[in-house]
Protein chains: 2
Amino acid sequence: MTSINHTISELEALFGERVSRAEAVRRHHGDDLSYLPAMLPDAVFFAASTSEVSQALAICNANRTPVIAFGTGTSIEGQIHAPQGGICIDVSGMDRILAVHEEDFDAVVQPGVKRKQLNEYLRATGLSFPVDPGADASLGGMTATRASGTNAVRYGTMRENVLALEVVLPDGQIIRTGTRARKSSTGYDLTRLFVGSEGTLGVITELTVRLHPIPAAVSSAVCTFASLQGAVDTVIATMQSGVPMARIEFLDEVAIEAANNYSRLDLKVAPTLFLEFHGTETGIAEQAEMVEAIAAENGGEGFAWARAAEDRARLWQARHDSNPATRALRPGSATFVTDACVPISALAENILAARAEADRSFLRTKINGHVGDGNFHVNYLVMPGDEREIAEAERLAAGVVERALKSGGTASGEHGVGLGKLKFLQREHGPALHSMVALKQAFDPNGIMNPGKLGSFS
Amino acid sequence: MTSINHTISELEALFGERVSRAEAVRRHHGDDLSYLPAMLPDAVFFAASTSEVSQALAICNANRTPVIAFGTGTSIEGQIHAPQGGICIDVSGMDRILAVHEEDFDAVVQPGVKRKQLNEYLRATGLSFPVDPGADASLGGMTATRASGTNAVRYGTMRENVLALEVVLPDGQIIRTGTRARKSSTGYDLTRLFVGSEGTLGVITELTVRLHPIPAAVSSAVCTFASLQGAVDTVIATMQSGVPMARIEFLDEVAIEAANNYSRLDLKVAPTLFLEFHGTETGIAEQAEMVEAIAAENGGEGFAWARAAEDRARLWQARHDSNPATRALRPGSATFVTDACVPISALAENILAARAEADRSFLRTKINGHVGDGNFHVNYLVMPGDEREIAEAERLAAGVVERALKSGGTASGEHGVGLGKLKFLQREHGPALHSMVALKQAFDPNGIMNPGKLGSFS
């Protein structure tokens, strides 16, 4: 391995002061929203074009220098951490919206474009990009981590919403995967291979995403339940009824208590569903009526409507603020977050077990979930730097994953692997892990792309 | 390479008379619905279990014997042809439905299960498996070719409807990809990699598919247009309006003339849309009203309703019978079929150009399409064995693909590559083709899986 200083010098010769060795810059780029300690790259290169990314990768590949791509740093399992140092390629400056094709329902963007920026830009078109992981993440990063969020139940995850990519391979070669056609059957699905590959196969430098019409009418509702099982049964029956839910979110008692305090709501402290309906005026009224009846059959009460835009905004802002609200229950605390995804029939037992385990622990815990997908999040309130508390959260979070895998589910529905969930991959994928390693080796024979993470199991 | 007879003898020693060298059996397995001449495997092995597929692959891999997986033989680009001979592994006998999880909206099946068989089985559940490529294909084959069809616009293709797979790799190793969770972000998307890989990476021995609730109400409609552009503009405006179309099919004048004759319909001979609405009673009425208004704005006339089940069945049977109906326009003829998929804004110009080219030719041609997806089919009526006619159809079909690629589309929306479209892959994928080759080599280093097709470009 050539010394890292040699690589940095070569990059500096090409890109000047857009290569930074400053401690503060490196720290910003070596830390995400996870609970892992920061792991700093040796330098950060702020790339301005595909061609620059290609040049930088060719240099790093020749020198066997690790490369980590960076968008906004809002990952939550250490996806952008640099356990082996190396060069962080920051693509946040590649933030142009290159084309919007209204008739084709797609947009072509650079990887640093953020989802709110795209939706602002689309405002006049009647179209939107619906994938919403909470953070205002970059679309490149959302693609790399296969992000989803509250409305994936209706509009899909990044898996369904990325049509095509431009990717720079580790040796600097530039490829295009997919086309603007909505479907294709001409070859291996390289687009889906890069979606969720967490920067371990190449750097995404352009993407084409699907857009969806903004619904003519939107309404929201809140419904509380005597039991979690009632809430989950409502979700299952709703989906069996064919009601095309736009959002169907579960919040447990702790989440509701926190929301009442933080967002000045006045909700009954009980297992609760936040619902959203998209359609025509007639359609959403009918949908809501059906769901209200289903909820009533399952012990739901106080089905409360939010038709006015400001009431809906207040409700979803409260959902959005669930994490700071929960932290406010224990001043000074931070949240240790995990997520898992299970077949929906196993959702209630998984959430109940997570709750029971947490209640036996000394940590305060909140559970919420994108329940239409069987995806739930468990957040443990820990004091930053308190190793005993973090270890306890890790222990509890491992239990969440173990139970999800036993139920035929997955170790993460949307947060990804990063460093935090590497340890569960063998258990989840078994012999298929060898295929992932073979695939990683085929694309990145020198192992420079985000090393020590996905694909580096040998 | 060990002699093929050695491989066959080893297989016979294990599986006895389930290994066949009979000419008729081999011919049946070396010919699909494409226009290619049959290319026979040296023997056919009728597999009964995953473990048997694994044993057979281990033998073939050790002997460097080509292997072709076979479901129903209804592919249309030569996907199951054996240009290098070898062993055809017929999995049609592996046709058990292993589990249906109603609450989770999924079913676990063996690869030989056919789509009609699954839907029969599901009848009492209120759920269905909607992907419908026309032929009553096996689900393993539909997965391998990334099949779709008329209602992909609403329910997605096999890409969106396969949750998990069991696959036997070329060396006989058995892996499982994906879980029953609806989404996951834990690793490379091996499931999507095998969907559409056309038997070139492994043999699918089990699959978990998504199910969808059968809608409470269904209605269909037919609308004729003064011009193709009017029909396409109607499709675009309909999708922008957010109407969740279940099917939106285009038939050109030739298709309508053929349907009138063959299915005793009385439709005006003009560019026509067949539409289907799924939802509640109120919902489908509202949807249809919206689409009728949009169609009227775009020169649509004679918006005719089919609410009764028998009228709808008659309409869709006519659409389904479009190919035999078209052949009946020229007694004794066969259809040479191609498909392409383009951004919807380019659909009208692509179809019009295909029509104009065909009209300058001596071949009679029909065009129809799954226009909500930008996918269209061009069928040339040729006399079997007439090489001049087949060459002319090939020339015209190549033009269809060339124009689709120029429009930012793909060489096939749903028929796949097989042997027929190999020649377009370089043009469509450019340098990404090297990644496909690398990927093929990583999974199948000995090149035994369906050789001479996808991934074998070097």
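1. In this predicted model, the contact between chain A and chain B draws on 81 residues from chain A and 81 residues from chain B. The area buried between the two chains is about 6,500 Å². Carbon and sulfur atoms contribute 57% of that buried area. On the chain A side, the residues that lose the most area to chain B are K183(A), T186(A) and Y188(A). Together these three account for 15% of what the chain A side buries.

2. As to charged pairs, six salt bridges are counted between chain A and chain B. A salt bridge joins the side chains of K183(B) and E414(A), with an N to O distance of 3.0 Å.

3. Polar contacts across the interface of chain A and chain B amount to 44 residue pairs, both residues at pLDDT 80 or more. Several elements of chain A give two or more residues to the side that touches chain B, including α6 (152-155), α7 (158-161), β9 (174-177) and α8 (190-194). Further along chain A, α9 (228-240), α11 (281-297), α16 (425-429) and α17 (432-443) also belong to this list. The largest share, nine residues, is supplied by α17(A). By class, the side of chain A that touches chain B holds 30 nonpolar, 33 polar and 18 charged residues.

4. Within the chain, the assignment divides chain A into domain 1 (4-92), domain 2 (97-213), domain 3 (217-323) and domain 4 (332-413). Taken over C-alpha atoms, the centres of domain 1 of chain A and domain 2 of chain A are separated by 22 Å. Their contact involves 13 residues from domain 1 of chain A and 18 residues from domain 2 of chain A.

5. Between domain 1 of chain A and domain 2 of chain A, the buried area is about 1,300 Å². Of this area, carbon and sulfur atoms give 67%.

6. Helix α3 (residues 50-63) of chain A gives the most to the side of domain 1 of chain A that touches domain 2 of chain A, contributing six residues. Sorted by class, that side of domain 1 of chain A comprises five nonpolar and eight polar residues, with no charged residues.

Terms used:
Residues are numbered from 1 along each chain as its sequence is written. Chains are lettered from A and ligands numbered from 1 in the order in which they are written. This is a predicted model: local features need pLDDT of at least 70, side-chain atom pairs count only at pLDDT 80 or more; totals for chains, interfaces and linings use all residues. Side-chain values use heavy atoms; hydrogens and water are left out. Domain bounds come from an automatic or database domain assignment. Contact means heavy atoms within 4.5 Å. Buried area is the accessible area (1.4 Å probe) that two parts lose on being put together, summed over both. Helices (H or I, at least four residues) and strands (E, at least two) are DSSP runs, numbered from the N terminus. Ala, Val, Leu, Ile, Met, Phe, Trp, Tyr, Cys and Pro count as nonpolar, Asp, Glu, Lys and Arg as charged, and the others, Gly among them, as polar. A salt bridge is a side-chain nitrogen of Lys or Arg within 4 Å of a carboxyl oxygen of Asp or Glu. A polar contact is a pair of N or O atoms within 3.5 Å; within protein, one must be able to donate a hydrogen and the other to accept it, and residues adjacent in sequence count only if both atoms are side-chain atoms.
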